[in-house]
Amino acid sequence: MNRNIVTTVLLSIFISISGFAQDKKWGLEECVNYALENNISIKQTALDTDLADQDLISAKGNFLPNVNASASQDWNFGSFIGQDGNRVSIDSRGNSFGLNTGVTLFNGFRNTSIYKQAQLGIESSELQLSILKDNISVNVVNQYLNILLNKENLKVAEEQVAITEKQVIQVSELVDSGVRPRADLFEVEAQLASDRERLTNVENSLELAKLALTQLLQISNEGFDVEEIELSLPEVLVEHKSSNEIYDYALQNRPEIKKAELDIENSILAIDIAKSAYYPTLSFGAGLGTSYQHFQGQEDLRVVIDPNDPTNISLVENGFWQQLEDNLGYNLGFRLDIPIFNRMQTKVSVDKAKINKERIAYSLDQAKQDLRSTIEQAYTDAKAAFKQFEASQVSLNAQKEAFKNAQESYNSGVMNSFEFEQVRNRLVNAEANLINAKYNFVFTTKVLDFYLGKPLTD
């Protein structure tokens with residue numbers, strides 16, 4: 001009994017949660033923020049920044065000395081040279097221990113250039129992340145507006161079906177009363193079938209638009225819907241400046257341009273790194289070492305001769321720790337390596353680095369040209385879209401008046417069904433054209449906002 005109660009409660013909670021999830025409507029800002037926080041490509045690119053941080057740590061390490069310790073265990077059989085320098089013909093075992101350090105004092109500023117490259121790498125990865133976030137934000141806004149566009153088209157299609165259904169009822173009554181021929185009813189019913197087909201197509205387009213956005217957000221499309229936004233079209237265009245001013249602003253602020261400029265700096269450092277192979281390398285090293293040796297089958301003893309009486313010879317204990325202390329030695333020194341000829345490898349590396357710098361410089365020029373072309377196209381599209389919107393608005397108003405007159409003429413029997421449907425189709429097309437023009441204008445102005453650094457969700 002208790003198990004049934006628990007099951008019922010859990011099922012009720014699940015149904016409530018599912019109902020809430022289906023009733024939820026996503027706002028534009030919420031969609032953009034969710035995509036930026038959860039998109040897998042963004043997360044992967046963010047890890048590139050972490051990798052760049054590790055490259056910087058590695059570059060800093062090039063300035064530090066390295067420290068290495070060593071230990072060995074050896075067995076010798078037969079004849080060999082002992083620690084005292086004499087040849088010994090006996091089996092033995094021994095140990096050696098060492099500690100060494102070294103640091104590069106000069107290598108043609110190679111380490112310095114690598115460190116600067118690592119710093120640029122962090123900036124470049126952060127800019128690449130910004131570029132990706134911007135692109136995803138624009139795509140989310142575009143798909144969101146596409147849903148709103150299809151929603152408005154759906155409203156128009158539903159209204160047309162409702163109007164045609166009323167006409168079917170009216171014409172049916174007129175046919176039954178003998179005022180209209182049955183052929184008129186067939187034509188209206190055919191138009192209703194056509195309108196319902198159009199409605200189905202718009203519903204499918206709306207579902208596909210929702211699916212596209214949910215795939216971009218990487219969530220399930222089950223029960224997904226968005227909030228509608230009130231658009232204030234006349235105020236949008238006056239906020240924008242000329243395309244040249246937008247381009248000048250974008251040239252100074254867009255991450256694509258900044259990253260291309262960083263790539264040039266990086267290519268210059270690559271030339272310096274290649275040239276560093278022409279310079280000598282100066283390094284400093286130091287170390288200490290000791291050893292222990294034991295003859296198999298013998299005690300660890302050593303011979304001691306009295307310096308005042310050479311005939312006075314004695315044996316003293318010479319164990320592990322004693323040998324390590326007695327054999328402890330130190331060393332330090334400088335090393336200078338001077339390159340003379342390395343089969344033209346350094347020259348080739350330098351020349352290739354210079355060629356790569358020229359290629360990257362062209363990439364910056366191309367990025368600037370692409371930016372100008374995109375902004376000029378977006379600005380021209382925005383002006384054209386606004387003119388199209390104004391023209392579509394005038395056309396829709398005219399088609400509404402024409403439809404009103406045609407409806408009166410049709411109801412009074414002056415206009416036949418074919419002529420009336422021609423007028424109504426022009427009205428439907430005018431409504432669709434206005435909706436498309438409005439959202440086309442909104443999106444193109446959003447593109448301009450994007451290059452002006454304005455939030456896309458405003």
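**Basis.** I note that the model is predicted, that local features need pLDDT of at least 70 and side-chain atom pairs pLDDT 80 or more, while totals for chains, interfaces and linings use all residues. Residues are numbered from 1 along each chain as its sequence is written, and side-chain values use heavy atoms, without hydrogens and water.

**Overall form.** I counted eleven helices and eight strands in the protein chain; helices (H or I, at least four residues) and strands (E, at least two) are DSSP runs, numbered from the N terminus. The radius of gyration of the protein chain is 42 Å, well over the 23 Å that the globule rule gives for 458 residues, so the chain is more spread out than a compact globule. The radius is taken over C-alpha atoms, and the rule is 2.2 Å times the number of residues to the power 0.38. Along the principal axes, I recorded a C-alpha trace of about 155 × 75 × 35 Å.

**Sheet.** I traced an open sheet of four antiparallel strands in the order S1-S4-S5-S8; strands pair if DSSP finds at least two bridges between them. Strands S1 (66-76) and S8 (329-337) are at the edges with a single partner strand each, so one side of each has no neighbour in the sheet. I noted an average twist of 20 degrees from one strand to the next. I then followed S4 to S5 (residues 281-295), where 14 bridges join the antiparallel pair; Asn95 has Tyr292 in S5 as its bridge partner. S5 and S8 are also antiparallel, with nine bridges, and Leu282 faces Leu336 of S8.

**H5 and H11.** I examined helix H5 (residues 182-217) against helix H11 (residues 417-451) and found an angle of about 20 degrees, with the axes 10 Å apart. Axes are lines fitted to C-alpha atoms, for helices over the stretch in contact, and angles run from 0 to 180 degrees between N-to-C directions. H5 is therefore roughly parallel to H11, a term for angles under 35 degrees; over 145 counts as roughly antiparallel, 65 to 115 as roughly perpendicular and the rest as oblique. The crossing is right-handed, that is, the near helix is turned clockwise from the far one by less than a right angle. Contact (heavy atoms within 4.5 Å) involves residues including Asp184 and Arg198 of H5 and Glu421 and Arg424 of H11. I classed this contact as three nonpolar, three polar and six charged residues. Here Ala, Val, Leu, Ile, Met, Phe, Trp, Tyr, Cys and Pro count as nonpolar, Asp, Glu, Lys and Arg as charged, and the others, Gly among them, as polar.

**H7 and H10.** I found that the axes of H7 (residues 243-253) and H10 (residues 345-411) come within 9 Å and cross at roughly 140 degrees, which makes H7 oblique to H10. This crossing is right-handed. Among the contact residues I listed Ile246 and Tyr247 of H7 and Leu371 and Ile375 of H10; by class there are seven nonpolar, two polar and three charged residues.

**H2 and H4.** Helix H2 (residues 28-38) packs on helix H4 (residues 110-176) at about 145 degrees, with the axes 9 Å apart, and the crossing is right-handed. I recorded nine nonpolar, one polar and one charged residues in the contact.
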